[in-house]
Every structure is written in structure tokens, then in C-alpha cells.
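The tour goes from stop to stop, and each stop begins with something to select.

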Amino acid sequence: MAAMTDQHGIPEVSTVWLRAFLEVARQGSFTGAGRTLGWTQSAVSRQISTLEGALGGAPLFDRLPRGVRLTEAGRVLVPYAETVGESLHGAVRELAALREVAGGRLRFGAFATADAGLVPRALAGFRARHPRVHVTREEGFTPVLLDRLSAGHLDLAVVSTTGRAPLETYALHHLLDESLYVAVPASHPLAGHEGPVRLGRFADADWISGSSHPEGTLLDAALRQGFRPRVAHVVGEWTAKQGYVAAGLGVALVPALAAASVRTDVRLLPVLDEGGPARAVYAATARGPALPPAVREFLKVLREAAVKMSGAMA
């Protein structure tokens, strides 16, 4: 009898048949195997006969007056059947671990200022609760992170609304709204100013920015206030920006998430919110599929961290 195979030539074998086969091999008896499995002797015999047919017809057991004995074909099959059983048990254990967030992986990315406080706080909480989850993270601009999310390289991305990326194509989980500060040197005439300032007061100032073009950056806020800021120095890294401000080379916008890490020779002036917060921060995930347990848990601790940070920024 020819073995039953699929289009790839793999035998179509039920794990139930393999379970019965291994139990008969252990017991040396259809009757004994049936007692262990909770089946009748004839049900066990049918499972073995079906398995033999599926594998080409060679007998797996010699039927003896009392019990059965593995044939050469049966002895060949035993380690393969055991491997299948062990693999299935392993899969069940790993799936259970995923459900319980006791294993698996989490791949996420975040923009730079989220990495200044929000993300580390959330990640510390997540690791404390789920130390066995393998975590990898990336840092980048919002559009790049969203591209990585779309391509399946990230499970979650912490993004902001200042990148002008098409956020509507993703599932967005709101974390917090950020206000802005103007960073000025300690010697600046407004360094001791009390209360919020209008951004227009700095329309003639030199600006330190991560881009020579304000569009798609924090300096969008200046465009909304009716003036185009004069970017005197393009500086990408936050620590370097502060150095330029402290040296009196210009002023810079600082989001609330980064405010706690500003150096002591720089003063922060809150920007008067006109028309709402300067930007919103979201955790973005792909639309459609259910979130894996590790992603759900990380989203939970991100929200918890965001609530605490929002209180501190208020």
C-alpha cells in the first residue's frame, strides 16, 4: 500500500496514531495500551492499522499469541514518533509562556526624547514583571519607526505627532500630551521670566534645531505662531543642543519629556499653549492582528509610566 502524503511528500499522519503507537510499544500489548489510553483493545488496533497504512503498509508490530513486538519498521519509527511528541509538548509550553508573558520577545522603537524618561521608566517596570521576555529596542525618528513597524521589524513604536507621518494607518494608543519649553542661556534677558511666554517673542532669535527646515519638527509650533524661525545651527543630539544654547549661540525648543535632563546653565521658559498641546505621544501598533501578550503588557506599563510623567509635568 502506498503511503498517504501531501503535496510536499510528507506522510499525512495523525498525532493520535503516533500516541497509540508509542503506548503499544511501551506496553507490548494492545490491551495494556488501551487501559492506559482509556480506549478499547479494538480501537487501539484500528489506530495502529491506520498508521501502518499511512506509512506504506509495512507492519509495525508482530502480532504474537500474547502481546505484540516491534518489527524492524516499528523500531525505526519509535525515535521519530517520540520527537514529534516532544516537539508538540515544547510548542504547548512555549505558547503557554507567551500567554503568561513568561517568555517570547518584544521588539519596540522610540523617538529620542521619549528615551529620556518615559521609555526607561516603562522598560524597567516591564523587566521587573517579565524578566524572561527577550526585549530589543531601537531609537529613531517617528517616520522611520513607523516604516519599521509596517515592515514587521517592530511590534510597537513610541511616536509623536511632530513627524508629519500618516499615523491614521496604525492603531494608536494615546500616552500623553506634551507642552514645550524655550531653552535660553542663563544670561538671557528672559531667563528669570515668570510664567509662560509667547513663542513670537523669539521670532528674531537664532535657533538651534535638528533640521534646517522647521516643517515636521518641534519648530512647527513657530510656523503656527506666524513666523519662520531662523535656524542658525543644525544640531541633532539633545546634549549638544544644550551646549550651543548655554554658549549663547541661540535658543531651542525642548519638549516636556526632555525637560528634566536639561543642564543647570540653561533656563527653560514654558511656551504658552495656544490651540492645544504642542504634540501628542502615542504607542503605535499595526492594525488588525491581536496584540501578542508581551506587547499588551508593555503597552500597559507605558501607560502607567505616562500617567506618572504627566503628573510630574503638570
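Is the crossing of H1 and H3 left-handed or right-handed? The crossing of H1 and H3 is left-handed; a crossing is called left-handed if the near helix is turned anticlockwise from the far one by less than a right angle, and right-handed if clockwise. Before going further, note that this is a predicted model, where local features need pLDDT of at least 70 and side-chain atom pairs count only at pLDDT 80 or more, while totals for chains, interfaces and linings use all residues. Residues are numbered from 1 along each chain as its sequence is written, and side-chain values use heavy atoms, leaving out hydrogens and water.

**Stop 1: H1 and H3**

Select residues 15-27 for helix H1 and residues 41-54 for helix H3. Helices (H or I, at least four residues) and strands (E, at least two) are DSSP runs, numbered from the N terminus. The axes of H1 and H3 come within 9 Å and cross at roughly 115°. Axes here are lines fitted to C-alpha atoms, for helices over the stretch in contact, and angles run from 0 to 180 degrees between N-to-C directions. H1 is therefore roughly perpendicular to H3; angles of 65 to 115 degrees get that label, those under 35 count as roughly parallel, those over 145 as roughly antiparallel, and the rest as oblique.

Now show side chains. On H1 the contact is made by Val-16, Trp-17, Leu-18, Ala-20, Phe-21 and Val-24, and on H3 by Val-44, Gln-47, Ile-48, Thr-50, Leu-51 and Ala-54. Contact means heavy atoms within 4.5 Å.

Pick Thr-50, which is found in helix H3. Thr-50 is partly exposed, with a relative accessible area of 35%. Buried means under 20% relative accessible area, exposed over 50%, and partly exposed in between (1.4 Å probe, protein chains only). Thr-50 and Trp-17 are 33 residues apart in sequence, yet 7.6 Å apart in space, C-alpha to C-alpha.

**Stop 2**

Select residues 30-37, which are helix H2. The axes of H1 and H2 come within 8 Å and cross at roughly 120°, so these two helices are oblique to each other. H1 passes H2 in a right-handed crossing. The residues in contact are Arg-19, Ala-20, Glu-23, Val-24 and Gln-27 of H1, with Phe-30, Gly-32, Ala-33, Thr-36 and Leu-37 of H2.

H2 also meets H3: their axes come within 8 Å and cross at roughly 105°, which makes H2 roughly perpendicular to H3. Phe-30, Thr-31, Ala-33 and Gly-34 of H2 are in contact with H3 through Gln-41, Val-44, Ser-45 and Ile-48.

**Stop 3: Ala-20**

Ala-20 is buried, with a relative accessible area of 0%.

**Stop 4: aromatic rings**

Show the rings of Phe, Tyr and Trp (its six-membered ring): two of them pair if their centres lie within 6.5 Å, and planes under 30 degrees apart count as stacked, over 60 as edge-to-face and the rest as tilted. By this rule the count comes to 5 aromatic pairs. One of them is Phe-108 with Phe-298, a tilted pair at 4.7 Å centre to centre with 40° between the planes. Phe-108 lies in strand E3 (residues 105-110) and Phe-298 in helix H9 (residues 293-313), so the pair ties together parts that are 190 residues apart in sequence. Both Phe-108 and Phe-298 are buried.

Next, select Phe-202 and Trp-207. Their ring centres are 6.4 Å apart and their planes are at 75°, so this pair is edge-to-face. Phe-202 and Trp-207 are both buried. Phe-21, Phe-30 and Phe-61 form one aromatic cluster.

**Stop 5**

Gln-242 is buried, with a relative accessible area of 11%.

Finish at Leu-167, in the loop between strand E5 (156-160) and strand E6 (171-178). Leu-167 is buried, with a relative accessible area of 11%.
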